Amino acid sequence: TRSGSDIDIHLFCDNANAIAGLLEYEGLRYDLERKEVRKSGTTRIYKHIHVVDRFDFELTIYPEVQRKEVMKSSITGKAIERLSLAELEHFMKNEYPDLDLEAAIDQAKEGIDAFAEFFALLLPLEKVKQNPIYHPEGDALYHSLQVFDLACNRMPYDEEFLLAALLHDVGKAIDPLDHVRAGVETLEGLITERTLWLIEHHMFAHQLHDRTIGARARRRLEKNENFDDLILLGECDRGGRNQGVETTELDDALEYIRQLANQ
């Protein structure tokens, strides 16, 4: 990025508010702009987020279904040329000869705020509507906050358990057909092994409650030191399905767990 360069970044996300919320959580200044563009008889709404930082840049938010279309040139129709990782590193070293690239990457990794990641993963759940037969309460975020409150009443000082309660359904906004796998893959490296295990096995807690789980699977779960916590998580999960219940706000729930983590 040279001085005066116009930086445009394409993001593929079905929820622009989640991106804006993450920027706000990080304390960045931005403007969200929606443009209506008509091309070839088709009208589309383009969402742009203008971010004010060391280098001002613009995020253009595209729905995931437009990924293949966007990655082609509007002029040639061919795939857009992109730098390989090695080419990008070579470019950075030429433009910034005094930059210690490895140190900068390490510093960036250390600066990642896990709670900002949690916020960005949880916010889209507000748009996830669930089967009213099993979830009459409504969207998945409202459900998750109910589960968090119930967990907080039972184990108010257990940071790992509270995170499992709050994050157990984040995969529903990623892959509704296999939300457990999607959630586990996304959260790996951000949470402890205990929290990850509880999320990975939380659907088994319902099978244990319904007595539909096989004997071998039950014995395997019982051998884990977190088995009792899994049973409790299942109770909170089933209990967090009420309409009209007042819940903790998402920001407050995350801040509560953050304070536990800092103690």
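Select helix α8 (residues 179–187) and helix α9 (residues 193–200): they pack at an angle of about 165°, with their axes 9 Å apart. Helices here are DSSP runs of H or I with at least four residues, numbered from the N terminus. Axes are lines fitted to C-alpha atoms, for helices over the stretch in contact, and angles run from 0 to 180 degrees between N-to-C directions. α8 and α9 are therefore roughly antiparallel to each other; angles over 145 degrees count as roughly antiparallel, under 35 as roughly parallel, 65 to 115 as roughly perpendicular and the rest as oblique.

This is a predicted model, in which local features need pLDDT of at least 70, side-chain atom pairs count only at pLDDT 80 or more, and totals for chains, interfaces and linings use all residues. Residues are numbered from 1 along each chain as its sequence is written, and side-chain values use heavy atoms, with hydrogens and water left out.

Stay with the first pair. The crossing of α8 and α9 is right-handed (the near helix is turned clockwise from the far one by less than a right angle). Show the side chains of Val180, Val184 and Leu187 on α8, and of Leu196, Ile199 and Glu200 on α9, which make the contact (heavy atoms within 4.5 Å). These residues divide into five nonpolar, no polar and one charged. Ala, Val, Leu, Ile, Met, Phe, Trp, Tyr, Cys and Pro count as nonpolar, Asp, Glu, Lys and Arg as charged, and the others, Gly among them, as polar.

Next, select helix α7 (residues 159–167) and helix α12 (residues 227–239), whose axes come within 11 Å and cross at roughly 40°. α7 and α12 are therefore oblique to each other, and their crossing is right-handed. On α7 the contact residues are Phe161, Ala164 and Ala165; on α12 they are Asp229, Leu232 and Leu233. This contact of α7 with α12 also has five nonpolar residues, no polar ones and one charged.

Now go to His143, in helix α6 (residues 140–154). His143 counts as buried because its relative accessibility is 0%; buried means under 20% relative accessible area, exposed over 50%, and partly exposed in between (1.4 Å probe, protein chains only). Leaving aside neighbours within four places in sequence, His143 is in contact with Gln130, His135, Glu137, His168, Asp169, Asp237, Gly240 and Arg241.

Cys13 counts as partly exposed at 22% relative accessibility, whereas Cys152 counts as buried at 17%. The structure holds zero disulfides, a disulfide being a pair of cysteine sulfur atoms within 2.5 Å.

Definitions and conventions:
Helices (H or I, at least four residues) and strands (E, at least two) are DSSP runs, numbered from the N terminus.
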